[in-house]
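Trainee: I have a structure to go through before the group meeting. Can we take it in questions and answers?

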Protein chains: 2
Amino acid sequence: MSIGDAPDTEVLGRVFLARVIEPGDEVAGRWVREFGVGEVVRRLRAGQDALPGVSGKRWAGLLARAGRAEPERDLAVAREAGVRFVAPGDGEWPGQLDDLGDARPLGLWVRGRASLRMWALRSVAVVGARACTEYGAHMAATLAAGLAERGWVVVSGGAYGVDGAAHRGALGAGGATVAVLACGVDRPYPRGHTQLISRLAEQGLVVGELPPGDHPTPSRFVLRNRVIAALTRGTVVVEAAHRSGSLVTARAAQRLGRHTIGVPGPATSGLSAGVHELLRQDAVLVTDAADVVELVGDMGELAPDRRGPVLPRDLLEAPARRVLAALPGPRAATVEEIARGALTTEDDAIARLYELRSLGYVERHGDGWKLTRQAMISVQGGRREC
Amino acid sequence: MSIGDAPDTEVLGRVFLARVIEPGDEVAGRWVREFGVGEVVRRLRAGQDALPGVSGKRWAGLLARAGRAEPERDLAVAREAGVRFVAPGDGEWPGQLDDLGDARPLGLWVRGRASLRMWALRSVAVVGARACTEYGAHMAATLAAGLAERGWVVVSGGAYGVDGAAHRGALGAGGATVAVLACGVDRPYPRGHTQLISRLAEQGLVVGELPPGDHPTPSRFVLRNRVIAALTRGTVVVEAAHRSGSLVTARAAQRLGRHTIGVPGPATSGLSAGVHELLRQDAVLVTDAADVVELVGDMGELAPDRRGPVLPRDLLEAPARRVLAALPGPRAATVEEIARGALTTEDDAIARLYELRSLGYVERHGDGWKLTRQAMISVQGGRREC
């Protein structure tokens, strides 16, 4: 659903259910799959025939929440805050979240210009301890900057420590970054990251499955991690103590068939102990962004075909088409030049450039961007001979 | 051959060949295997019918060396320096060196009281960069001390940096340690380790395949590493830059079916880069001695049966029998007490205790040593009922 459209009943139903059902509730996910959104909403509103798998007490709790839910109001509040609701079936829905099965989010609330679907196609999670060491912060920032320079989108949780360093590293390299929050995306958490999260909403994306205004809870933090793991091609854990939440993300990534990746640290550091534990299991050791890209860059089922753009140019949306048109032939241009040529802001240009990157049209080249060989061939209307 | 015995011709022949043939020369190893020591010596002495696989020039070089070889003198010089020559077939020969095939040493020169064969049975190599960081030295010393405390023998190369820290860590924990040198064992190298190597000869073992007085060369350093790898159950690399000699040891260990083990470090450290490279391949990540023992302690084909001593008590040599008799029933005793009870020195007591450890008679218990359960059962002449 784009901002301004009248929501259809399926979308309204999902917004309603997002108020009633906690993230990752697989029992509820099964209701949706078996009965459909409309029927689940009807039963929760009517409060008569209970849905399977819930006890009387839990059912009463759900009904109480259902009684308070105001999906139209949630959508209006969101729209006011520049937040859109992206649901399965929507053009912006990242299809890889379907790998979560019945734990798939009912929908995601999204702040920011870029297409979440396009950005997620070429994304890597960089996560780790909140109370990280200087080494951890340095590694997170350096990895994120290196990933951004290579045209990859950095996904993290917006938290203090490793998460914040990763987001800042990507932003500092003029790159794309996505924060997946465990609360309403209009309600920055932690408070100390209010400014950072605003910048992310301006220059990147801020997403989450909780409705506007909702608070984070311990279980919401843990369940948010499955979204980070599912959205991305792989999860890099930079620093993590034993039993850290980042290990939850890494193990979710593993279960989902994503790459599980760890940055080693001193054997004497308790904040590397969790990473070392992962590395003793199935995670792959990396020491820089090139190592990460070598792993996740091997094109899997999530990737568009690299040999040619998957979308014909005239199917691109107008803003992306304008940015593409602003790229000067074979040489690289800065984001500033491109934004000027496309009559848009630099933040918007970056949003579009990363989408175009996902589609195989453009690539980063040092600080600038240029057309890929495939894109130039398609401009010329020709094809390589072999 | 024990000190003082008249050497047999096979032993004399091997001492002769050790002067003529460089360590690890597989062509020469094949001559020995195919023609026998006596015939290879005869041809090198006679200088008439060349051995297969050598060109005229190389053959001339070998003959020149053969002309200068004085095996009786080498043995006499060695004996004077407290060095014995241990050859395949000898009771002290570590059988696992046979895994080297035609690159098996012709024999090993050994300084120190303990039985190399017994000590090598439960040994681990701890190796790494000469120019290590403080972190590397700390990890080497801590791992070696932890291994020694668990009754394991620490093998290394006697070099500066990680090697020295490992030897000192083991000595500091009252443990057993073996230096495998790339030069004559009577000729400490590096010079700055003269004192350390003397202590190792007193309290541990100093071994090498080069005859008395021989110098190290770059290729001898590299080939020495195969002996370290083959002697031990596994090789732990603590710090190593890319293309470090320690990686040669680790890869040799891998080829020989030994455990290849690495200690992680900061991703930003060039001195951990080689270890990280290993860990990205097949090496196992460890952070402490317990991790190492968990790996190497899983009894392979090199290990004696743990359920009972492999050697009846009366087959033990007299010094070991005296040390065993000095152990007080079920409680642990210090090395000092044991040495007093066995009427020997502490260094000698440690040498015997580690041999007895290899045979399953004793175990370390904190700072002390005690009889194993199996040993007590065998003292009582009984057997466990199940």
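Trainee: Which residue is the bridge partner of W109(A) in β6(A)?
Mentor: Keep in mind that this is a predicted model. Strand β2 (residues 108-111) of chain A runs antiparallel to β6(A), and 3 bridges join them. Within that pairing, the partner of W109(A) is G208(A).

Trainee: Which residue stands opposite G208(A) on the β5(A) side?
Mentor: Strand β5 (residues 177-181) of chain A is parallel to β6(A), with 4 bridges between them. The chain gets from β5(A) to β6(A) through helix α9 (residues 194-203) of chain A, in a right-handed β-α-β crossover. Opposite G208(A) stands L181(A).

Trainee: Are the faces of strand β6(A) covered or open?
Mentor: Take the strand, residues 205-208, side by side. On one side sit L205(A) and V207(A), on the other V206(A) and G208(A), and all of these are buried. In a regular strand the side chains alternate between the two faces of the sheet. For β6(A), both faces are covered.

Trainee: Which residue of β5(A) is the bridge partner of S156(A)?
Mentor: β4(A) and β5(A) pair in the parallel sense, over 3 bridges. S156(A) has as its partner A179(A). The chain crosses from β4(A) to β5(A) in a right-handed β-α-β crossover, by way of helix α8 (residues 162-172) of chain A. To give the name again, the partner is A179(A).

Trainee: Which are the edge strands of the open sheet in chain A?
Mentor: The sheet has 9 strands with mixed pairing, in the order β1-β2-β6-β5-β4-β3-β7-β8-β9. An edge strand pairs on one side only. In chain A the edge strands are β1 (83-86) and β9 (284-285).

Trainee: At about what angle does helix α7 of chain A run to β3(A)?
Mentor: The helix spans residues 134-149. It lies across β3 (123-127), β4 (153-156) and β7 of chain A. To β3(A), the angle is about 175 degrees.

Trainee: Which element gives the most to the side of domain 2 of chain A that touches domain 3 of chain A?
Mentor: The assignment puts domain 2 at 112-296 and domain 3 at 313-379 in chain A. Their C-alpha centres lie 26 Å apart. The contact takes 15 residues from domain 2 of chain A and 12 residues from domain 3 of chain A. With 3 residues, the top contributor on the domain 2 side is α6(A).

Trainee: What kind of axis relates the two copies?
Mentor: Chain B can be laid on chain A with an RMSD of 0.0 Å. That takes a turn of 179 degrees and a shift of 0.0 Å along the axis. The copies are thus related as by a two-fold rotation axis.

Trainee: Which residue of chain B comes closest to the rotation axis?
Mentor: Its C-alpha lies at 2.4 Å from the axis. The residue is G265(B).

Trainee: Which element gives the most to the side of chain B that touches chain A?
Mentor: The contact takes 13 residues from each of chain B and chain A. α7 (134-149), α12 (270-280) and β9 (284-285) of chain B each give two or more residues. With 3 residues, the one that gives the most is α12(B).

Key. Residues are numbered from 1 along each chain as its sequence is written. Chains are lettered from A and ligands numbered from 1 in the order in which they are written. This is a predicted model: local features need pLDDT of at least 70, side-chain atom pairs count only at pLDDT 80 or more; totals for chains, interfaces and linings use all residues. A residue is buried if 20 or more other C-beta atoms lie within 10 Å of its own, exposed if 12 or fewer, and partly exposed in between; C-beta atoms are placed from the backbone. Two strands pair if DSSP finds at least two bridges between them. A crossover is right-handed if, with the strands pointing away from the viewer, the path from the first strand over the helix to the second runs clockwise. Copies are superposed by least squares on the C-alpha atoms of residues with pLDDT of at least 70 in both. Two residues are in contact if their C-beta atoms, placed from the backbone, lie within 7 Å. Axes are lines fitted to C-alpha atoms, for helices over the stretch in contact, and angles run from 0 to 180 degrees between N-to-C directions. Domain bounds come from an automatic or database domain assignment.
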